[in-house]
Amino acid sequence: MTRRASIVVLCEDKKSHMFLYRLLRERNIGSNRITVITDYPAEKGCGSAYVLNAYAAQVRKCRNRHASSALLVHIDADQLTVDRRAQELAERLSADGQAKRRADEPIAHAIPKHCIEAWIGYLMDMPADEEKPKEGWPRFTSEQWKHAAENLATMLRSAEPWPADAPDSLTRARPEFQRVL
Amino acid sequence: MLKRLYVDNFRCLVDFDYQPQAVQLLIGQNGSGKSSVFDVLDSLAHFARRPSAGCALFPSRTLCKWDGRATQTFQLDVELGDFVAHYALELEHLVEPGLAQVTTERLADDEGTLFQVVGGKLALGSEQRAEFLVGQSQSAIWHDKASACPRIRLFREWLQATTVLRLNPYAEADKAVSADEFLQRDGSNFAGWYRRLQDAHRQVLEPLASDLAEVIDGFAGLNSFKPEARYIIQSLVRCGGENAKGLPFGWSELSEGQRTLIVIYAVMHAAKAGKPFLLCLDEPDNFVALREMQPLVHMIEEFVDEGHIQVLIASHHPEFINMWGHEQSALLYRQDAGHTELKTFPPRDTGMLSPAEIIARGWEND
């Protein structure tokens, strides 16, 4: 693993915050090397707009620190496709006058389709259904979120191809996580 | 786990009914009653310990100044494995000689009374005729007859272990005269408390040192020894890299922030070694550097999630407010400097604002 001074996490809400924090800890990243941007909105339903608004500024800060800082971004695709959500992030960079994200930059986009609960469900051995909206998933316990993070960390450690029934957006996020892990 | 706290006529807490979560942040302006909640829990914990100052833990100045009644009531509902304990304590404050006395003390489970004291007479279970005279200045929870009941003992152990910390690193001595079971609220007896932890729960020392090494540069461990009649605590710090030998540093040679972190981390790890207990942290962010704040809040969240401990926190710090302000906070509020009320937080229609921003703008009471 490339040793970096810190990983900054930009995410939608508390649940994804703790999920990504635990994932990083499972990959033996020290608690003092993880910084989660915690000023996500108190009101539900504003998470993706918040990430979009904050994204360009966080990329700029990450780039100013060069290789000593990585950025892990979580944003749900919601009703959009994963490609469209990724395009929205790219547009935010462009609007901010910044260059496109390069393939070798430690900036990772974790974009579940439709919501991160689809990933948690799959990681907890439930059928992968990426079209199901957030309301359609059970309210996972913090223990389930934790086990899901452990399972994803195990999958990311493996060099084998991932199961064919894994959610497509999760499989597509694999090289994204590898940018920062 | 504490499921409910009811307080009536204690400072600004009048008919105050609070149902805490496994981890919860108490937020509110200065003087809103956060510390009073912790003071009640601290006094009840000391009331159940031995030796106890008894009713002197509830001096007359703790009566609500504008209420006028002389009776104070405290109730706890505590989930203890397969049952819920319901504890009630009622005190009457006497004009002469200015002390309080127990008028009623009762512990019950969902099936009925476990013990009850009324007018200085103790009755056990449903055997109302089996009465024993007890004093009215102390808890009867230690009475030999009460101690025979496993559920009473379980509740007593939980209440005794309730720990309220308002740390004052300047009060913490590097020496202690005894190995202490309970940590004082200001952390002043940490040397003696740590000695007991070291003797009784050695298995937590290594993970404790490992966690602390992530937030304190070079930290290699704590050591407590007894050269003469006193326990002395030292910190070992590797100065000059990971492979350097740990050098002993006296407790007072550490910074206030380092000492604060060590005490909180040690208490959290102690929870892993024994039964779950309630920890109340009153402004734990004092003295702690901003960079050390997230590891601290993450550790609290993880330990609570694993079921080792219940933590109530009073803090004005944005890191704490944003961590628990979304769904795990209780807003304490006093209308026109009257008694404390609980309000839902965060309020509606705050758009993109984070919980800390809502507080900073003073919009929490909207």
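Start with one salt bridge: the side chains of A:R22 and B:D305 meet, N to O, at 2.5 Å. By salt bridge I mean a side-chain nitrogen of Lys or Arg within 4 Å of a carboxyl oxygen of Asp or Glu. Chain B and chain A have seven of these between them.

A word on the ground rules. This is a predicted model, where local features need pLDDT of at least 70, side-chain atom pairs count only at pLDDT 80 or more, and totals for chains, interfaces and linings use all residues. Residues are numbered from 1 along each chain as its sequence is written, chains are lettered from A in the order written, and side-chain values use heavy atoms, without hydrogens and water.

Now the whole interface. Chain B gives 26 residues and chain A gives 28, with contact meaning heavy atoms within 4.5 Å. The two bury about 2300 Å², 42% of it on carbon and sulfur atoms. Buried area is the accessible area (1.4 Å probe) that two parts lose on being put together, summed over both.

Next, one packing inside chain B. Which residues of α4(B) meet α6(B)? They are B:F190, B:W193 and B:L197. Their partners in α6(B) are B:I262, B:V263, B:A266, B:V267 and B:A270. Helices here are DSSP runs (H or I, at least four residues), numbered from the N terminus. That contact divides into eight nonpolar residues, no polar and no charged. Nonpolar covers Ala, Val, Leu, Ile, Met, Phe, Trp, Tyr, Cys and Pro; charged is Asp, Glu, Lys and Arg; the others, Gly among them, are polar.

Definitions and conventions: Helices (H or I, at least four residues) and strands (E, at least two) are DSSP runs, numbered from the N terminus.
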